[in-house]
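Hi everyone, thanks for making time this morning.

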Amino acid sequence: MTLSGKVIIITGASSGIGEAAALLLAERGAAVVLGARNAEKLEAVVQRIREAGGNAAALSIDVKKRTDLLRIVDFARETHGKIDVFISNAGNGAISPLDELRVDDWDDMIDINIKGVLYGIAAALPVFRKQRFGHFIHTGSTAAHRTVPTMAVYSGTKSAVRAITEGLRQEAGKDLRVTLISPGYVKTNFADSVTSETLKLEVQNGIDQVGISPKAIARAMIYAIEQPLDVDVGEIIIRPTAQG
Ligand SMILES: NC(=O)c1ccc[n+]([C@@H]2O[C@H](COP(=O)([O-])OP(=O)(O)OC[C@H]3O[C@@H](n4cnc5c(N)ncnc54)[C@H](OP(=O)(O)O)[C@@H]3O)[C@@H](O)[C@H]2O)c1
């Protein structure tokens, strides 16, 4: 129960990495406040945690809406009196070749992956400043380290997240911690957000063949949170051994 007493908000907690993080962090004693759009799936995660004796609540939020991020931060603070960690994990992988001009998908990736993270910062930073403690954890991607065909926009959004996270770390000062967790292929529903049918299959195959468990990413989050308060874990890159 190493996270006992910690209050942790997780976006994108209705499936995949966010769901795995919610379950594991709650198992370690954290009170988790979960956000995503799908209320039914969120409620199922909350029920699993409660049945195992954990503390969880959920709010249906869309990270494209700044007010939704403010709402979940207010909810967590009003319920628990403080927030220890804000995990911006919601993401969209609507990858495609640029020639297909799927401009709506580009907009979605920018709005969810970049602006969603910024809105999380805008909502939680004033609270963290007032408390004089707080930890931002952002889910990045190995796509920020290596750009490949079809991933130009996605890679661009995750590169932006990487730069924003590093900028935040430098501005955060001695009271706050800032961590980027950058996964490679992870076995989740990630391929569902790919709108190009042939590419969706390709991404799904890649994930099926070499993807690692989302629990591996959750454990990295726990590692960063468990460090003493003056220890700031900057970035953790976790990929399957089989990933090039
Ligand atoms: N899986 C991989 O191979 C991989 C690799 C590198 C990085 N990542 C990153 O890991 C993060 C989690 O993805 P995942 O792999 O766990 O995929 P996933 O299973 O599809 O989970 C994505 C989560 O984001 C939520 N979400 C999407 N759009 C949202 C919005 N507008 N507002 C609120 N929540 C939203 C989804 O919930 P709702 O649909 O209910 O809103 C879901 O809970 C993403 O940032 C992704 O870019 C994944």
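Let me start with a question: how many residues does helix α6 have, and how far does α6 reach from its first C-alpha to its last? The answer is 14 residues, 197–210, and a reach of 20 Å, close to the 20 Å expected at 1.5 Å a residue. Please keep in mind that this is a predicted model.

Let's stay with α6 for a moment. Which of its residues are buried? Those are Leu 199, Val 203, Gly 206 and Ile 207. They cover an arc of only 95° around the axis, so they sit on the same side of α6. As a reminder, an α-helix has 3.6 residues a turn, so residues three or four places apart point the same way. Now turn to the other side of α6: there you find Glu 197, Thr 198, Leu 201 and Gln 209, which are exposed.

Next, the sheet. In what order do its strands run? This open sheet has seven strands, and going across you meet β3-β2-β1-β4-β5-β6-β7, with parallel pairing. The edges are β3, residues 55–60, and β7, residues 235–238; each has a single partner strand, so one side of each has no neighbour in the sheet. On average, neighbouring strands here are turned by 15° against each other, if you ignore direction.

For a closer look at one pair, take β5, residues 134–139, and β6, residues 176–183. These two are joined in the parallel sense over six bridges. Within that pairing, Phe 136 stands opposite Val 178 in β6.

What lies on the sheet? Helix α7, residues 214–226, packs on it and touches β1, β4, β5, β6 and β7. The direction of α7 makes about 160° with that of β6. Then there is helix α1, residues 16–27, lying across β1, β2, β4 and β6. Relative to β1, α1 runs at about 165°.

How many salt bridges does the structure hold? The count is 12, and I'll show you three of them.

My next example stays inside a helix. Arg 77 and Asp 74 meet in a salt bridge at 3.4 Å, N to O. Because they are three residues apart in helix α3, residues 66–80, about one helical turn separates them. Arg 77 is partly exposed at 33% relative accessibility, and Asp 74 is partly exposed at 32%.

Finally, Arg 132 and Asp 175 come together at 3.7 Å, N to O. Here again distant parts of the chain are linked: Arg 132 is in the loop between α4 and β5, Asp 175 is in the loop between α5 and β6, and the two are 43 residues apart. Arg 132 counts as exposed at 55% relative accessibility, whereas Asp 175, at 26%, is partly exposed. Lys 174 comes in too: salt bridges that share partners join Arg 132, Lys 174 and Asp 175 into one network.

That's my tour, and I'm happy to go back to any view.

Technical notes
Residues are numbered from 1 along each chain as its sequence is written. This is a predicted model: local features need pLDDT of at least 70, side-chain atom pairs count only at pLDDT 80 or more; totals for chains, interfaces and linings use all residues. Side-chain values use heavy atoms; hydrogens and water are left out. Two strands pair if DSSP finds at least two bridges between them. Helices (H or I, at least four residues) and strands (E, at least two) are DSSP runs, numbered from the N terminus. Axes are lines fitted to C-alpha atoms, for helices over the stretch in contact, and angles run from 0 to 180 degrees between N-to-C directions. Contact means heavy atoms within 4.5 Å. The expected span of a helix is 1.5 Å times one less than its number of residues. Buried means under 20% relative accessible area, exposed over 50%, partly exposed in between (1.4 Å probe, protein chains only). The arc is that of the directions from the helix axis to the C-beta atoms. A salt bridge is a side-chain nitrogen of Lys or Arg within 4 Å of a carboxyl oxygen of Asp or Glu.
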